[in-house]
Amino acid sequence: MPGRIPHLWGAARLEYTAMTTRLFFSGLLFIGVMGSPGPHGTLAYLSSGVQSTGNRFSAGTVHIANSLATGATLSMANLIGGDNFDAQLDVANSGTLSLIYAVSTSLTGSAALGSTLQLTVRTKTTSPCGARDGAILYTGDLSSAAIGDPAHGLQAGDRVLAAGASESLCFTVTLPTSAVPSLVATNAAATFVFSAEQNG
Amino acid sequence: MTSFPISVSRGQQLKLALVGALAVGVLATMTGRGTLAYFTTQVRSDTNTFTAGTLQFHVGDSDESNLTPAVTTSISFATMKPGDVAYAPIEIDNVGSLAAKYGILYTTTTSGTNLAPALDLAIVGKGSGTGTKTITANNATSCNATSFASSTVWSEQSIRTAAPLVSAGQTIVAVGSSTLNLAAVSGVDILCMQVTFHDHGAPGSLTTGDNVYNDTTIDHTNTTVNFVFDGLVSAAAVINNP
């Protein structure tokens, strides 16, 4: 006969054991509740919130494009003294930001020919380039041709193009009649570089 | 005296015992009957009312006011370039009956390449409910380059100093530890948001430096910023009625 519960047997003993177990777990639960953080009330709160949505920022773009007008060419072969030609070059701002651009020239081939050929760049009016009536942006040796300054910022002579705008330039190239015979059979190629940056 | 023996069976003994007990109970009841008569009186404390407070914010910006839960497009810039700066005011109103504090966080989304890392965000505020209830022309115009750094105009200068936006979003002021307080009923704070397209260096080529964000596709590099202002009651109250 067990010492502490001598009068309990069978089902009665099972009930006693179950009650003991319940008391044990009840005790643990009580201790657990009492052991939770002291300032229990601070866990209760009201909250609210508002938002500012749809604040959208997008980067603009600075893109410049150029193209020769239909039928125009900037190439000419078999030049002789006194030859000249006109060509229209369209410059477009295909970005979303106003831009400023400058033009510089790099030359390959005969430097002598490059410095002999004369280039005049004009803005195009409503007349064809052949009218040569626009404002002169550059006139001088082909090899030194430049409009504005590609350095950062707005420099004297720089061209400004609003977003989506375009303009046409007229290029007139002339081989002076004073060209020396030593230029015979020489050739030169000029590359016009349009450097653009954001305006402001 | 002559005694007569009485013979009582066990059953009769039990009956006698029950009758005796009943008799004792009846006598006991009769003994205390007079104490059932008494005077009474009563007083009451009525109408002890407890009402839940309310915590509700409204928000406004330069073209919307007193809205909940959100205003839209408080600050935006469609074609930003390095060096550009945008300013915009946002007003937070506490229209609830409880004093509150609030926190600030933001998230970003993009429909292309996220511009967030190229942008700096700075925030100043009027401070602790000292702003005007509605964003007026004066409040709106003081959120600009001229006044942004003025601690006279914007007393809360340290809400957020200029720092890059994080694409994943960020908590600027955690509401739990916030000191941005709004009085009950009419508390208002006006914030001035500054967003700057900061310098990434002179382009060494068409794809380096600032040109990293000069996308070939128009409007492809963008970010949409959503600001969230979470409110919380300032503190639990304990009222001791004397």
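**Reading the sheet, the core and the contact**

Analyst: Chain B holds an open antiparallel sheet of 5 strands in the order 1-4-11-7-8. Helices (H or I, at least four residues) and strands (E, at least two) are DSSP runs numbered from the N terminus, and two strands pair if DSSP finds at least two bridges between them. This is a predicted model, in which local features need pLDDT of at least 70 and side-chain atom pairs count only at pLDDT 80 or more, while totals for chains, interfaces and linings use all residues. Residues are numbered from 1 along each chain as its sequence is written, and chains are lettered from A and ligands numbered from 1 in the order in which they are written.

User: Which strands are the edge strands of this sheet?

Analyst: Strand 1 (57-61) and strand 8 (156-164) of chain B are the edge strands, each pairing on one side only. Ignoring direction, neighbouring strands are turned by 20° against each other on average; the axes here are lines fitted to C-alpha atoms, for helices over the stretch in contact, and angles run from 0 to 180 degrees between N-to-C directions.

User: How should I read the pairing of strand 4 of chain B with strand 11 of chain B?

Analyst: In general, strands of a sheet pair through backbone hydrogen bonds, either parallel or antiparallel. Here strand 4 (residues 85-94) and strand 11 (residues 187-197) of chain B pair in the antiparallel sense over 10 bridges. Pro89(B) stands opposite Cys192(B) of strand 11, and Ile92(B) has Asp189(B) of that strand as its bridge partner. Strand 4 of chain B also pairs with strand 1 of chain B, antiparallel over 5 bridges; there, Glu91(B) of strand 4 is the bridge partner of Gly60(B).

User: Why is strand 4 of chain B described as largely enclosed?

Analyst: A residue is buried if 20 or more other C-beta atoms lie within 10 Å of its own, exposed if 12 or fewer, and partly exposed in between, with C-beta atoms placed from the backbone. In strand 4 of chain B, 8 of the 10 residues are buried, so the strand is largely enclosed by the rest of the structure.

User: Which residues have the most contacts inside the largest nonpolar core?

Analyst: A nonpolar core is a set of buried Ala, Val, Leu, Ile, Met, Phe, Trp, Tyr and Cys residues joined through C-beta atoms within 7 Å. The largest has 45 residues, and those with the most contacts inside it are Ile92(B), Tyr102(B), Leu119(B), Met193(B) and Phe229(B). Strand 11 of chain B supplies the largest share, 7 residues. A second, separate core of 14 residues includes Leu113(A), Leu117(A), Leu119(A) and Val121(A).

User: What is in contact with Phe57(B)?

Analyst: Two residues are in contact if their C-beta atoms, placed from the backbone, lie within 7 Å. Phe57(B) lies in strand 1 of chain B and is buried, with 23 other C-beta atoms within 10 Å. Beyond four places in sequence, its contacts include Ser48(A), Gly49(A) and Val50(A), as well as Ile92(B), Tyr102(B) and Phe229(B). Phe229(B) in turn is in contact with Gly49(A), Val50(A) and Gln51(A), among others.

User: Where is Ile75(B) placed?

Analyst: Ile75(B) is in the loop between strand 2 and strand 3 of chain B, and it is buried, with 24 other C-beta atoms within 10 Å. Leaving out residues up to four places away, Ile75(B) touches Asn55(A), Ala86(B), Ala88(B), Met193(B) and Val195(B). Ile75(B) and Thr224(B) are 149 residues apart in sequence and 10.0 Å apart in space, C-alpha to C-alpha.

User: How many residues does each chain bring to the contact?

Analyst: Chain A brings 24 residues and chain B 47 residues. Strand 1 (residues 47-59) of chain A gives the most to the chain A side, with 13 residues. That side divides into 7 nonpolar, 16 polar and 1 charged; Ala, Val, Leu, Ile, Met, Phe, Trp, Tyr, Cys and Pro count as nonpolar, Asp, Glu, Lys and Arg as charged, and the others, Gly among them, as polar. Strand 1 of chain A pairs in the parallel sense with strand 2 (residues 70-72) of chain B over 3 bridges, and Thr53(A) stands opposite Thr72(B).

User: What confidence does the predictor give?

Analyst: The complex has an ipTM of 0.73 and a pTM of 0.73. pLDDT is the predictor's confidence in each residue, from 0 to 100; its mean for chain B is 84, and 80% of the residues of chain B reach 70 or more. Within chain B, confidence is lowest in helix 2 (residues 137-142), at a mean of 60, and highest in strand 9 (residues 170-173), at 96.
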